Each structure stands twice: as C-alpha cells, then as structure tokens.
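Hi everyone, thanks for coming. Have a look at the picture first.

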Amino acid sequence: MSTPNFGRNITLNPASHFTPKDEEEVLAILRQHRGKRIRCIGRLHSWSQILECEDILLDLRHLKQVQIDASQERRVATVGSGCQIKHLLAQLKQSDLTLPSVGFITEQTIAGAISTGTHGSGRHSLSHYVTGIRIAKYDTVTGDAVIEEVTDGDELLAARCSLGCLGIILAVTIECRPTYRVEEHFQRHDNLTSVLAAETDFPLQQFYLVPWLWTYVAQHRKETAAPRSSLLLVYQWYRFIVFDLSMHVLVLLASRLIRFHRCIRFLFRRIIPRFVICNWRVTGDSSQQLVMEHERFRHVEIELFVQRNHLPAALEFLRSTLDAAEQSSEPLKSNYRMQLVEIGGEGSLSELRGTYCHHYPICVRRILPDETLISMACGLTPISSDSNWANKDGLVDEDWYSITLTNYHSKTDLAAFERLSNFLANSMSKLFAARPHWGKLCPLPVDQLRTLYPNFERFAAICTASDPNGFFANSWTESLFPRPLSRRARGE
Ligand SMILES: Cc1cc2nc3c(=O)[nH]c(=O)nc-3n(C[C@H](O)[C@H](O)[C@H](O)COP(=O)(O)OP(=O)(O)OC[C@H]3O[C@@H](n4cnc5c(N)ncnc54)[C@H](O)[C@@H]3O)c2cc1C
C-alpha cells in the first residue's frame with residue numbers, strides 16, 4: 001500500500017503496514033519480523049527522509065491513552081505514542097493543565113513531534129520537557145522483543161529526540177504546566193533590531209520577514225494574568241479568515257496559477273501588509289492563541305536554526321539569495337559575494353538565478369537551548385570528554401532562532417524550491433552553523449550534519465548500543481549513524 005506524507009513529496013511503499021492495537025501486539029510484530037527493518041509513522045507531517053521505510057511500517061494510532069499526574073511536585077502526563085497533540089491538549093485542559101510549548105499546529109502525534117524536535121516560539125522544543133520514554137526494542141543479549149523504560153542519563157537525552165532510531169516509542173512522559181493565557185497583537189517593524197528588542201516585553205513572540213517588502217511583522221505574545229478578551233472570538237475569526245484562508249488563497253493563485261514574479265512581489269508589497277491590524281491586543285488561552293491552521297493547504301517547508309549571534313547576518317544572506325534567485329540580473333552585495341567565494345557556493349547560486357520567486361512570509365521563532373543530544377535547538381556544550389567540540393572557541397549556549405521557508409508550488413514545480421533549499425542549507429550551515437529541521441527538507445550531506453551537533457557521536461554510540469543491528473534504521477538514518485553490525489547481521 002502506498003502512503004503519501006502531508007506534503008506529497010514522499011510516498012512510502014513498505015512491504016508490510018501494521019496498526020497494532022496495544023503494546024503486546026507491537027512486541028508480537030517485532031518477534032515475527034526480527035531481521036527486518038521496522039519504522040514508525042505518526043501523522044506523516046514530516047517532509048524529510050526520516051519517514052522512509054523499506055520493510056515494516058508501524059502506525060501506533062491506537063496507542064493514545066493519556067494518564068495525568070497533577071500532583072504539585074510532579075505535573076506530568078504519560079501519553080500513548082500515537083496520541084495527537086490536539087487530543088492531549090484537550091485531555092490536559094480537563095485537569096487545568098497544558099503543554100509547556102506547542103508548534104504552529106497540533107495535528108502531530110506526541111512520538112512524531114518529539115522524534116524530530118518539534119517546537120513553538122519562546123520556549124524549548126517539546127523534546128526538552130520529556131522525562132521518560134517507554135520503548136519496544138530487541139534485547140541486545142537474548143534478541144527477544146522487550147520493553148524498556150528510559151528515565152535518565154544520556155539515554156534519556158538521546159531518546160528525547162531520536163529520529164525513530166532507538167526503537168518503537170510506546171509512551172512518552174512529558175512535563176505539563178497549569179493552563180495560562182497569552183496576550184497577542186500584531187506590530188510592524190522596519191528592522192531586526194527593533195523586533196528583537198521587543199522580545200523583553202513579549203518573550204513568546206514570533207515574527208515574519210515579509211518578502212519583497214523586506215520589513216518585519218511581529219506577532220507579539222506574552223503570558224498574562226488578564227482575563228479572556230471579550231472580542232477574542234472576533235479576533236480568532238479575523239485571524240482565521242484573513243490569514244489562514246484569504247492570504248493562502250491569494251498565495252496559491254499567485255504562485256500556482258498566475259506565476260508572474262511581478263504579481264507575487266505586488267501581493268507582498270501592496271496587498272498582504274494591508275491585512276495586518278496592528279496593536280489590537282487580545283487575550284485568550286495559550287492553546288488557542290499559539291496555534292494556527294497552517295495545515296489547511298498542502299505545502300513543503302525547510303527550516304534552518306541559527307544561534308542569536310548569527311541571526312542578523314543569516315537573514316541578510318537569505319534576503320540576498322532570494323533577490324538573486326528571483327532576478328537573474330540582481331548584482332550581489334560585495335560582502336555576500338566574498339562569503340560565497342569562501343565556501344565555494346557561487347556556482348550553485350548562478351544556477352538558481354531567475355528561477356524562483358519566494359511567495360510566503362518567512363517565519364522566525366526563538367527556541368531556548370534544549371537538553372537533548374541532537375534536537376535542532378540542543379546547546380553547543382558537549383556532554384562527554386571525548387567530544388571534538390569541547391569548549392571550541394568558547395561557544396556558549398545562546399538561544400536559537402529558526403527561519404522557515406514555506407512553499408506552495410505543486411509537486412511538479414517543486415524543483416526550483418528544492419534547489420534553493422539545497423543551496424541555503426549548504427551555504428548557511430557553513431557560514432552560520434545553521435541546522436536544518438530533522439522533519440522538514442533536510443538536504444545536507446551526512447558529513448556536514450555531523451559537524452553541527454557537538455553530541456552527534458554520543459548519540460550514534462547510544463544508537464549502536466541500543467540497536468546494534470540497525471533494525472530500527474532506514475537507509476537515511478543508517479547513513480547518519482552507521483552501525484558496524486547492521487548490514488552483516490541482516491545478511492546484505
Ligand atoms: C502544517 C505543518 C506545520 C508544522 N509546524 C511545525 C512547527 O510549528 N514546529 C515544528 O518544529 N515542526 C512543525 N512541523 C513539522 C512536524 O511537527 C514534524 O515533522 C513532526 O515530526 C510530525 O509529527 P508526526 O506525528 O506527523 O510524525 P511523522 O511525520 O509521521 O513521523 C516522523 C518520525 O517520527 C518518528 N516516529 C513517529 N512515531 C514514532 C514511534 N511511535 N516510535 C518511534 N519513532 C516514531 C519516526 O522516525 C518518523 O519517521 C509542521 C509540519 C506540518 C505539516
């Protein structure tokens with residue numbers, strides 16, 4: 001059975017596909033298919049090779065129980081891996097609890113979200129808040145299928161964001177917090193310095209670089225004790241009709257049907273900015289205010305994470321690249337040209353010239369450094385003494401900023417965006433140590449990915465110890481974390 005992902009850029013064709021009813025059935029499948037490669041899916045909202053599955057595909061949608069421990073000293077929920085975040089939030093709300101962080105949408109499963117380091121703005125990624133994981137895997141001595149609880153040490157740091165490589169996640173225990181309200185309003189900013197300065201007052205804010213206008217629109221957000229606004233419902237309809245629907249319809253028309261670059265530029269310079277009502281301050285529950293309906297229209301994304309000290313230059317570089325990709329004659333700024341020469345990227349940029357006009361606001365979100373081994377926002381501090389990153393150049397754990405480029409072209413027209421994504425990931429990882437989101441387009445070669453994570457080798461070692469035969473790998477994760485035993489053991 002062929003299974004496409006949300007973005008329709010990947011189709012899975014596993015040899016067998018199972019939706020087990022409970023943990024016992026998962027163990028039975030593991031026993032029956034020992035020696036094959038086994039991968040899981042959540043709601044297929046990833047766009048990267050992390051989804052690929054050659055042999056056995058497990059969909060754990062029936063494992064969706066939620067158990068809440070709301071005692072003062074330990075507010076946690078233990079959640080079946082296939083539970084979607086929206087259902088988890090609904091159940092938590094009944095106990096006046098919520099998650100410490102949420103992304104744009106809540107369609108993802110808890111296991112899928114933590115496996116790729118899914119995040120929102122102003123807090124850590126969800127992975128950081130995980131305190132325990134229940135995993136089905138093979139016992140490394142007996143070879144039998146067993147269940148393991150991971151609750152501490154480097155193993156927990158690895159399991160918090162594991163790209164599906166440590167085994168089948170059955171349940172996740174995650175910190176919760178009392179429900180809270182968020183005040184939000186839109187504001188325009190002419191420059192980055194001014195948007196970043198607003199972070200002190202609005203720590204949960206996210207902001208957008210408006211293409212072709214090259215100014216910023218911020219969604220200023222902060223936690224508040226104020227009551228719900230009387231106009232909350234009106235505001236939510238405004239956001240839904242104007243941004244979630246109308247803006248997307250216009251973007252689709254301009255990018256898929258009309259397709260003239262001039263038309264797209266006009267849309268962002270003259271029309272879309274008029275939608276924004278500034279300074280309308282509205283308070284509502286966090287789980288409504290922080291979430292959008294970004295899943296309504298199919299699209300593809302790349303998201304690159306840089307530390308704060310790199311953000312201004314990274315956004316400048318991005319803007320110059322988008323200018324050059326849009327207009328074949330746009331001259332390069334000299335500092336930008338020198339940077340490209342340094343990393344040998346001039347040739348790739350000349351191939352892009354005139355081929356692509358970006359057609360969606362570029363979202364920037366702040367993520368606090370995670371305590372994980374390989375989530376995109378994990379810090380730069382190596383955890384083991386043998387790491388080759390130890391104290392390199394006195395690097396400190398600064399906040400991370402993710403820069404998201406969203407594309408609405410149809411599958412047949414996606415090539416230009418893929419070329420742009422390759423170029424940006426390659427050049428920005430060299431220039432700004434930018435890390436691509438594991439769940440979004442992730443076009444970096446393994447060698448380059450490895451240099452971006454100080455604890456990459458530690459994660460690889462934990463992978464090897466936990467799954468020496470690579471039964472829970474696919475070919476992409478196997479290339480990231482090769483295991484000496486894996487191919488021989490499977491007789492390949
Ligand atoms: C519209 C849209 C909006 C998004 N917004 C955000 C956002 O705001 N922030 C952000 O960071 N990301 C965002 N994403 C990306 C998304 O959160 C991640 O790709 C996430 O991993 C998808 O979750 P899923 O449940 O669909 O998992 P899938 O995409 O189905 O699976 C991802 C991987 O998780 C692993 N996995 C899943 N279940 C298990 C299990 N039981 N055991 C072991 N491994 C497992 C597997 O390796 C699998 O390949 C968005 C994606 C979309 C489509």
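Let's begin with a term: a polar contact is a pair of N or O atoms within 3.5 Å. A polar side-chain atom of threonine 118 makes one of these, lying 2.9 Å from an oxygen atom of the ligand. Arginine 39 also brings a polar side-chain atom, 3.0 Å from a ligand oxygen. With histidine 45 it is a polar backbone atom, 2.8 Å from an oxygen atom of the ligand.

How much of the ligand's accessible area does the protein cover? The protein covers 100% of the 980 Å² that the ligand has on its own (Shrake-Rupley method, 1.4 Å probe).

A word on the source: this is a predicted model, where local features need pLDDT of at least 70, side-chain atom pairs count only at pLDDT 80 or more, and totals for chains, interfaces and linings use all residues. Residues are numbered from 1 along each chain as its sequence is written, and side-chain values use heavy atoms, leaving out hydrogens and water.

Now, the neighbours. The ligand is surrounded by 38 residues, each with a heavy atom within 4 Å of it. Among the closest are Gly42, Phe104 and Arg365. By type, this shell has 15 nonpolar, 18 polar and 5 charged residues; Asp, Glu, Lys and Arg count as charged, Gly as polar, and Ala, Val, Leu, Ile, Met, Phe, Trp, Tyr, Cys and Pro as nonpolar, with the others polar.

That's my tour, thank you!

Terms used
A polar contact is a pair of N or O atoms within 3.5 Å; within protein, one must be able to donate a hydrogen and the other to accept it, and residues adjacent in sequence count only if both atoms are side-chain atoms.
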